[in-house]
Amino acid sequence: MTGYFDGLEQQLRGAAEARAQAVARPARWWRRRRNLAILGVLALGVATPAVSRVTGVWHPDVAQPPPLGVATVSATPPGSTSGSCATAPQTPAQARARARIDPHVLAQLAVLRRPQRPTDLPAHGRLLESHPFGQTLVSRTVRYVGSVAQQRYYLAVVVGPQPRAGCSLRHAPRKAQLCVMIQGASGGCGIGPIGLRRYGIDGSSGRGRQARSSVVYEIVPDAVATATVRYGPSTRSFAVHDNFYGYVVALPPTRRPDAVTWTLRDGRRYRVPGYEQPAPPPASAHEIVPPHRGSG
Amino acid sequence: MEAMRRDADRLLERFAAGDPDAFVAFYRQHLPAILGWFLRRTGDPEVTADLAAETFCAALLAAPRYRPDKGSALSWLYAIAGHKLADSRRHGIVEARARRRLALTPLPIDDDDVAYVTEMAALEPALDDALRALAPAQRDAVVARVVEDRPYGEIAERMQCSELVVRQRVARGLQALRGRLGKRA
C-alpha cells in the first residue's frame with residue numbers, strides 16, 4: 001500500500017486494540033455513561049463561578065443560528081485598522097474577471113487547488129452577485145469551506161480595489177484577492193500571501209456590539225491541522241477542514257480571542273501573532289508554514 | 001462472493017469478540033472494493049481516499065453494534081459508505097467525525113496515494129474475478145494468509161491439514177493470481 005493507507009491501517013490497528021481492550025475490561029460503575037452523566041450534572045451544580053464561565057463560553061453545536069448581521073474580515077491583529085474593513089455599500093462591478101490567483105496564495109490553500117464541485121456554488125444566488133465591495137468574482141474560484149451554525153462559508157477570489165486603511169477604495173490599485181462570503185450574511189476581502197501565512201483570514205459575525213453570541217471563523221494555510229483558541233481561562237481546539245474552522249461563542253462579535261495557536265501537521269505549534277506577542281519577521285513566517293510543493 | 005461475505009461476517013464477529021487483528025484484516029480485504037465504489041461515484045481520488053478512511057473508522061466505531069441477523073457485514077459496510085457519501089454531498093465536505101472520535105491524526109495524501117486509489121479501483125473487479133476462479137481451498141488459504149495475515153500454523157489448524165499443505169496452497173494460489181492478473185495486463 002502507500003503512505004496514506006499504511007498510516008491509516010496503523011492508526012486503525014491502534015484504535016481497534018484500544019477498543020478491544022475497552023470491551024474486554026469490565027465496566028466499573030463510574031465508567032458507565034449514565035453514571036458519568038449524573039456525576040457531570042452534580043459537578044456542574046457545585047462548580048465555582050469560574051468553571052461556569054469557562055463552560056458557558058462555547059456553543060459549537062447550537063441548534064438555532066444566531067441572528068447574523070454585518071460581517072467583518074481581517075488579516076491583521078485585533079484592534080488594528082490596517083487592512084481590516086467592514087463591508088461597504090455595494091458598488092457596481094467594474095472589472096472583468098481575467099486576473100489569476102497569486103501563485104503564492106494558491107500554494108498555501110489546498111481548498112483552492114482542488115477542482116470545483118457543485119457544492120461550491122452557493123445556493124443563495126444573490127451571494128455571488130452581492131459579493132463585497134462591488135468587486136468582480138474570478139470565475140471558478142468559489143470554494144465551499146464549511147458551515148457554522150447553519151451558515152455556509154465560501155472562499156472566493158475577486159478582482160477589485162485593494163482595501164486600505166480607512167477603506168478608501170476609489171483610487172486603490174486593482175488586484176486579485178481572497179474573500180470570505182457568508183450565506184445569509186455578508187463577507188469581506190483583502191489578504192496577501194504573507195498575511196495569510198502569518199495570521200490566516202479571521203472574522204466574526206453577529207448582531208452588533210450587544211449580541212449575546214457570534215460566529216467566529218478562520219481560514220488557515222495548508223500546514224495547519226488544528227487551531228486552539230483561548231478566551232480568558234477557556235480554551236478549545238478545532239480541527240481544520242478545507243483550510244477552515246469555525247465556532248459559535250457566547251460573546252459579542254467585537255470580542256476577539258485572547259490567543260490563537262496553530263498546530264501544524266508535523267506537530268509544531270505556532271502562536272498567531274497580534275494577540276499576545278509581536279509579529280515575527282516575514283522570513284520566519286515563511287519558514288513556519290511552508291508552502292505546498294505539489295503539482296497543483 | 002458468498003465466501004467473501006462469510007469471511008467478512010466472521011472477521012467482524014471476531015473483532016466484536018475482542019480480536020483487533022480481525023478488523024485490520026477486514027480493512028485490508030475490503031479497502032480496494034471500497035475505493036473502487038467511491039471512485040466510481042465521486043471521480044476524485046483524493047475525496048475517495050478521505051471517504052474510505054472515514055468509512056472504515058465509522059465501521060470500527062459501529063462494529064460492536066453489528067448484528068449478523070440483520071444482514072451481511074458487506075452490506076453493512078456499504079450502507080455506512082453510502083451514508084458517508086450522502087453526507088459529504090449534502091455538506092460539501094467529507095466529514096471527519098469518526099476519525100476525530102478515534103483521535104486519529106490527519107494523514108496527508110500525496111501523488112502515490114492518488115495513484116494507488118486509481119490502481120486499486122481498476123484492479124478490484126479483476127482481482128475479485130481472479131480470486132473467484134481459484135480452487136476453494138487455495139482461495140481460503142490465500143485470503144487467510146495474505147489478507148487476514150494469519151500465521152500458517154493457525155490456518156493449518158483451521159483447515160485441518162498440515163502447515164506444509166497450507167504453504168503450498170498459498171504459493172500456488174498466488175502464482176495462479178499472478179498469472180491471471182498478468183494476462184489481463
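Which residues does B:Leu35 touch, not counting residues up to four places away in sequence? The points below take up this residue after a word on the model and on chain B.

1. This is a predicted model, and the remarks that follow should be read with that in mind. The secondary structure of chain B consists of 9 helices and 0 strands, so that its pattern along the sequence reads α-α-α-α-α-α-α-α-α. Of its 185 residues, 43% count as buried, and among the contacts in chain B with a separation of 6 or more, 69% are between residues 24 or more positions apart.

2. To return to the opening question, B:Leu35 touches B:Thr48, B:Ala52, B:Val117, B:Met120 and B:Ala121, once residues up to four places away in sequence are left out. B:Leu35 also belongs to the largest nonpolar core, which has 50 residues, and is listed with A:Leu12, B:Phe23, B:Phe26, B:Phe38, B:Ala52 and B:Leu60 as having the most contacts inside that core. At least two residues of the core come from each of the following: helix 1 (3-24) of chain A, and, from chain B, helix 1 (2-16), helix 2 (20-42), helix 3 (45-62), helix 4 (73-91) and helix 6 (111-133). Helix 2 of chain B supplies the largest share, 13 residues. Another core, of 45 residues, lies apart from this one and includes A:Leu155, A:Tyr231, A:Val249 and A:Tyr270.

3. The packing of helix 2 of chain B against helix 4 of chain B can be described in some detail: the angle is about 35 degrees, the axes are 11 Å apart, and the crossing is right-handed. On the side of helix 2 of chain B the contact is made by B:His30, B:Ile34, B:Trp37, B:Phe38 and B:Arg41, and on the side of helix 4 of chain B by B:Leu77, B:Tyr78, B:Ala81 and B:Leu85. By class, the residues of this contact are 7 nonpolar, 1 polar and 1 charged.

4. Between the chains, 30 residues of chain B are in contact with 30 residues of chain A. On the side of chain B that touches chain A, two or more residues are given by each of helix 2, helix 3 and helix 6 of chain B, and that side holds 20 nonpolar, 3 polar and 7 charged residues.

5. Chain A contains an open sheet of 4 strands in the order 11-10-13-14, with antiparallel pairing. Its edge strands, each of which pairs on one side only, are strand 11 (234-239) and strand 14 (269-271) of chain A, and neighbouring strands are turned against each other by 20 degrees on average, direction ignored. Strand 10 (residues 224-231) and strand 13 (residues 259-264) of chain A run antiparallel and are joined by 6 bridges; in strand 13 of chain A, A:Ala259 is the bridge partner of A:Arg230.

6. A:Asn243 has a positive phi, near 65 degrees, and is placed in the loop between strand 11 and strand 12 (244-249) of chain A; A:Asn243 counts as buried because 23 C-beta neighbours lie inside 10 Å, where the cut-off is 20 or more. B:Gln160 also has a positive phi, near 55 degrees, and sits in the loop between helix 8 (152-159) and helix 9 (163-184) of chain B. B:Gln160 is exposed, because 7 other C-beta atoms lie within 10 Å and the limit for exposed residues is 12 or fewer.

Terms used:
Residues are numbered from 1 along each chain as its sequence is written. Chains are lettered from A and ligands numbered from 1 in the order in which they are written. This is a predicted model: local features need pLDDT of at least 70, side-chain atom pairs count only at pLDDT 80 or more; totals for chains, interfaces and linings use all residues. A nonpolar core is a set of buried Ala, Val, Leu, Ile, Met, Phe, Trp, Tyr and Cys residues joined through C-beta atoms within 7 Å. Two residues are in contact if their C-beta atoms, placed from the backbone, lie within 7 Å. Axes are lines fitted to C-alpha atoms, for helices over the stretch in contact, and angles run from 0 to 180 degrees between N-to-C directions. A crossing is left-handed if the near helix is turned anticlockwise from the far one by less than a right angle, and right-handed if clockwise. Ala, Val, Leu, Ile, Met, Phe, Trp, Tyr, Cys and Pro count as nonpolar, Asp, Glu, Lys and Arg as charged, and the others, Gly among them, as polar. Two strands pair if DSSP finds at least two bridges between them.
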